[in-house]
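Me: I have a structure open and would like to go through it with you. Could you keep the answers plain?
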Amino acid sequence: MSPPGPLPAVVWLDGGMGNEDDAVTSGGAGADGVTDALLAAVEDTVREVVAAEVVPRWRSLAETDIVQKNGPYDLVTTADRLAEERLTERLTALLPGSVVVGEEAVSADPGLLELLRGDAPVWVIDPVDGTSAFVRGDEGFSTLVTLVRGGQPIASWTYAPLLGLFATARRGQGAYLDGKPLRTATDRATLRLWISNPVFRDEEEREAVARLTAAGVDTVPCVTSAGLGYLEVARGLADGVAFFWEAPWDHAAGLLLVTEAGGASLTRTGEPFRVAGGNALPFTVARDAATARLVAGILGAGPAGDQR
């Protein structure tokens, strides 16, 4: 299985990165300088890499293709590793001077997370979001890529190949699913939230989920892909997520997707979620600012109403 071929380099519209002599450039840049050409080139790259390294291994994994990282629910496969390697090669070639924070690379070297606090553009990559679902043969996995600059997501790509869904977002330019604009829900009375998988919850997390349930919230455990949970919120099919971990590869793409579709994020202490980390957990990314405040208030209330 040969890797997809390289694409030409793409520069920021303002010429801030890359070599303009051989670059693919286009109009339509947002406030952060992301061009239409870059958005399209990354989408092509993600589709091609997933077609080459991920989809052929779905329901075709050998035992030697699956490894436990930190327990039976934290898995990595050959598809994860090879897809991240190919995406790393192609995305950094596409945007010279950029760097990568990938789930599998950070697993080997946690110090890479510091790149999110630096000046270089950062590709945040989750090659197979929902690896356990992928291993089970479930269709509910996705590939997530986000371009972060100055600690802020400025463009994102969410691809669920077996569901036929491809969503993109660009800061200040909206969110789209297969080219059609996305908007969050506005009129559902009973809130529907995606929440963390029960197998990962500790006692404090169980208490927070119990508070949501007691408040009449319909909770949906995330047993497939967090990226698909965010996509449901952006599509108006759910009202938010309430998650208890902050790995940037799981959240960066969805954070931008939902906020560009009309949503907002808050941690339990009332601050926006930061991709670079250091958040007061849990946090929510919800359909609008009012819903985010409501959910964050429930999440932040301890046994005696304290903001822990």
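Me: Where is P282 found?
Reply: P282 is found in the loop between β13 (264–267) and β14. Helices (H or I, at least four residues) and strands (E, at least two) are DSSP runs, numbered from the N terminus. The peptide bond from L281 to P282 is cis, with omega near 5 degrees.

Me: Where do these numbers come from?
Reply: This is a predicted model, in which local features need pLDDT of at least 70, side-chain atom pairs count only at pLDDT 80 or more, and totals for chains, interfaces and linings use all residues. Residues are numbered from 1 along each chain as its sequence is written, and side-chain values use heavy atoms, with hydrogens and water left out.

Me: What pLDDT does the chain average?
Reply: The average is 89, and 87% of the residues score at least 70. The pLDDT is the predictor's confidence in each residue, from 0 to 100. Over residues 13–27 the pLDDT is below 50, and this stretch has 32 contacts in the model beyond near neighbours in sequence. A contact means heavy atoms within 4.5 Å. The pLDDT is also below 50 over residues 302–308, a stretch with 15 contacts beyond near neighbours in sequence.

Me: How many helices and strands does the chain have?
Reply: The chain has 8 helices and 14 strands. Of its 308 residues, 54% count as buried. Buried means under 20% relative accessible area, exposed over 50%, and partly exposed in between (1.4 Å probe, protein chains only). Among the contacts in the chain with a separation of 6 or more, 64% are between residues 24 or more positions apart.

Me: Changing topic: how many salt bridges are found in the whole structure?
Reply: A search finds 19 salt bridges. The term covers a side-chain nitrogen of Lys or Arg within 4 Å of a carboxyl oxygen of Asp or Glu. Side chains of opposite charge can pair when their charged atoms come close.

Me: Which residue forms a salt bridge with D36?
Reply: R170 does, and the closest N and O atoms are 2.7 Å apart. This pair links distant parts of the chain, with D36 in helix α1 and R170 in strand β7 (residues 165–170), 134 residues apart. D36 is partly exposed, at a relative accessible area of 33%, whereas R170 is buried, at 10%.

Me: And R86 and E53, are they buried or exposed?
Reply: Both R86 and E53 are buried. They form a salt bridge, the closest N and O atoms being 3.2 Å apart. The pair links distant parts of the chain: R86 is in helix α2 (residues 78–94) and E53 is in helix α1, 33 residues apart. A network of salt bridges links E53, R57, E85, R86 and E89.

Me: What about R192, which residue forms a salt bridge with it?
Reply: R192 pairs with E232, and the closest N and O atoms are 2.8 Å apart. R192 lies in strand β10 and E232 in helix α6 (residues 226–234), so the pair ties together parts that are 40 residues apart in sequence.

Me: On to the rings. How many aromatic pairs are there?
Reply: The count comes to 7 aromatic pairs. Rings of Phe, Tyr and Trp (its six-membered ring) pair if their centres lie within 6.5 Å; planes under 30 degrees apart count as stacked, over 60 as edge-to-face and the rest as tilted.

Me: Why is the pair of F243 and W245 tilted?
Reply: The planes of F243 and W245 are at 40 degrees, so the pair is tilted, and the ring centres are 4.8 Å apart. F243 is buried, with a relative accessible area of 0%, while W245 counts as partly exposed at 27%.

Me: How far apart are the centres of F243 and F283?
Reply: Their ring centres are 6.5 Å apart, and their planes are at 70 degrees, so the pair is edge-to-face. F243 lies in strand β12 (residues 240–243) and F283 in strand β14 (residues 283–286), so the pair ties together parts that are 40 residues apart in sequence. Ring pairs link Y230, F243, W245, F273 and F283 into a cluster.

Me: Last one: which loop is R59 in?
Reply: R59 is in the loop between α1 (36–53) and β1 (66–68). R59 has a positive phi of about 60 degrees although it is not a glycine. With a relative accessible area of 60%, R59 is exposed.
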